[in-house]
Amino acid sequence: MRHPFLAGAVVVITTAALAACGSSSASPGGGGEKTAGAGRAASASAGPVAGAPAEPDGSAPAAPRAARSSAVPKTPTDELTPATGTFTKKQKKYLVDRVPKGMDPAAVLQSGQETCDRLTYLVKVDRDIAIGAVATGEIADAEPAAGQLCPQHRGLVEQASLAYPDGTHEGARLRPGRYRDVAPTKNCGWEVTGANGKVLASGSSDDGKRSSVTIPATARAFTSTGCYAWLPEGGNG
């Protein structure tokens, strides 16, 4: 029986899993083998955009400041080389347009490998939880990582794209069918509305037990809170 606490503990679980792996990490050399010592990737943030000029106060207006570009320059593909060894083809393909200028590409590769490690561990614990973690964004960049570094998880990422994380989903985002929640809290509640906001279905789970909901073809919106994520049942995804 799956425990609903797992959803809230995804980060804790996967952190423990990575610690258990010791110093194993992705290495640029040796056909994708793991070696110790690769650094953790730092996230690249866009540069700030200059603010609007100050309100006039009777003094001479200040000269406008040029806005900084929000695009972070990336390392050209032909410059994606590690300090030692070489990158495999799939590693280099993963790194294309992902390494900010001045950052060690091995650190970005390490971040992608850690994403793969988290997916692998969560799949062993509960595949539904792993799918939910991708759908909710708790495991970021899962799609590019699975696309190049751990292709065994491509199916999982595809399933996550059909899931509904907590929130409101409308219009073309809705797909008729039956869905099950992944790991609801005791405050899990949902509502399906149709034209003019008419409530077509609603429910809650104050005992934290898993439940299902049917989204009809006439639905216009589906709202969920405290349920973590909903996965399609059968072939209705």
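Reader: Why does Arg-175 count as buried?
Author: Arg-175 has 19% relative accessibility, and buried means under 20% relative accessible area, with exposed over 50% and partly exposed in between (1.4 Å probe, protein chains only). So Arg-175 counts as buried. It sits in the loop between strand S3 (164–170) and strand S4 (177–181). Its C-alpha atom is 7.3 Å from that of Ile-215, which is 40 residues away along the chain.

Reader: What kind of model do these values come from, and how are residues numbered?
Author: This is a predicted model, in which local features need pLDDT of at least 70 and side-chain atom pairs count only at pLDDT 80 or more, while totals for chains, interfaces and linings use all residues. Residues are numbered from 1 along each chain as its sequence is written, and side-chain values use heavy atoms, leaving out hydrogens and water.

Reader: What makes Asp-97 and Asn-196 exposed?
Author: Asp-97 has 58% relative accessibility, so it counts as exposed. Asn-196, at 85%, therefore counts as exposed too. Asp-97 belongs to the loop between helix H3 (89–95) and H4, and Asn-196 to the loop between S5 and strand S6 (199–205). Helices and strands here are DSSP runs, numbered from the N terminus (helices: H or I, at least four residues; strands: E, at least two). Asp-97 has a positive phi of about 60 degrees although it is not a glycine, and Asn-196, also a residue other than glycine, has a positive phi near 60 degrees.

Reader: How do you know that Cys-116 and Cys-150 form a disulfide?
Author: Their sulfur atoms are 2.1 Å apart, and a disulfide is a pair of cysteine sulfur atoms within 2.5 Å. The torsion about the S-S bond of Cys-116 and Cys-150 is about -80 degrees, so this disulfide is left-handed. The pair links distant parts of the chain, 34 residues apart: Cys-116 is in helix H4 (residues 105–125), and Cys-150 is in the loop between helix H6 (142–148) and helix H7 (154–160). Both Cys-116 and Cys-150 are buried.

Reader: How many disulfides does the structure hold?
Author: The structure holds two. A disulfide also joins Cys-188 to Cys-227, with an S to S distance of 1.9 Å. The link of Cys-188 and Cys-227 has 95 degrees about the S-S bond and is right-handed. Cys-188 lies in strand S5 (residues 188–193) and Cys-227 in strand S8 (residues 221–232), so the pair ties together parts 39 residues apart in sequence. Counting bonded cysteines along the chain, the disulfide pattern is 1-2, 3-4.

Reader: Why are Cys-188 and Cys-227 called buried?
Author: Cys-188 has a relative accessible area of 2%, so it is buried. Cys-227, with 0%, is therefore buried as well.

Reader: What makes helix H5 mostly covered?
Author: Seven of the nine residues of H5 (residues 127–135) are buried. Among them are Ile-129, Ala-130, Ile-131 and Val-134. At the start of H5, a side-chain oxygen of Asp-126 reaches to within 2.9 Å of the backbone nitrogen of Asp-128. After H5 comes Gly-137, with a positive phi near 90 degrees.

Reader: Why is H4 called oblique to H5?
Author: The axes of H4 and H5 cross at roughly 140 degrees and come within 5 Å. That makes H4 oblique to H5, because angles under 35 degrees count as roughly parallel, over 145 as roughly antiparallel, 65 to 115 as roughly perpendicular and the rest as oblique. Axes are lines fitted to C-alpha atoms, for helices over the stretch in contact, with angles from 0 to 180 degrees between N-to-C directions. Contact means heavy atoms within 4.5 Å. Leu-119, Leu-122, Val-123 and Val-125 in H4 meet Arg-127, Ile-129, Ala-130, Ala-133 and Val-134 in H5.

Reader: Which residues have the most contacts inside the largest nonpolar core?
Author: This core has 19 residues, and those with the most contacts inside it include Leu-119, Leu-122, Val-134 and Val-182. A nonpolar core is a set of buried Ala, Val, Leu, Ile, Met, Phe, Trp, Tyr and Cys residues joined through side-chain atoms within 4.5 Å. The largest share of this core, five residues, comes from H5.

Technical notes. A polar contact is a pair of N or O atoms within 3.5 Å; within protein, one must be able to donate a hydrogen and the other to accept it, and residues adjacent in sequence count only if both atoms are side-chain atoms.
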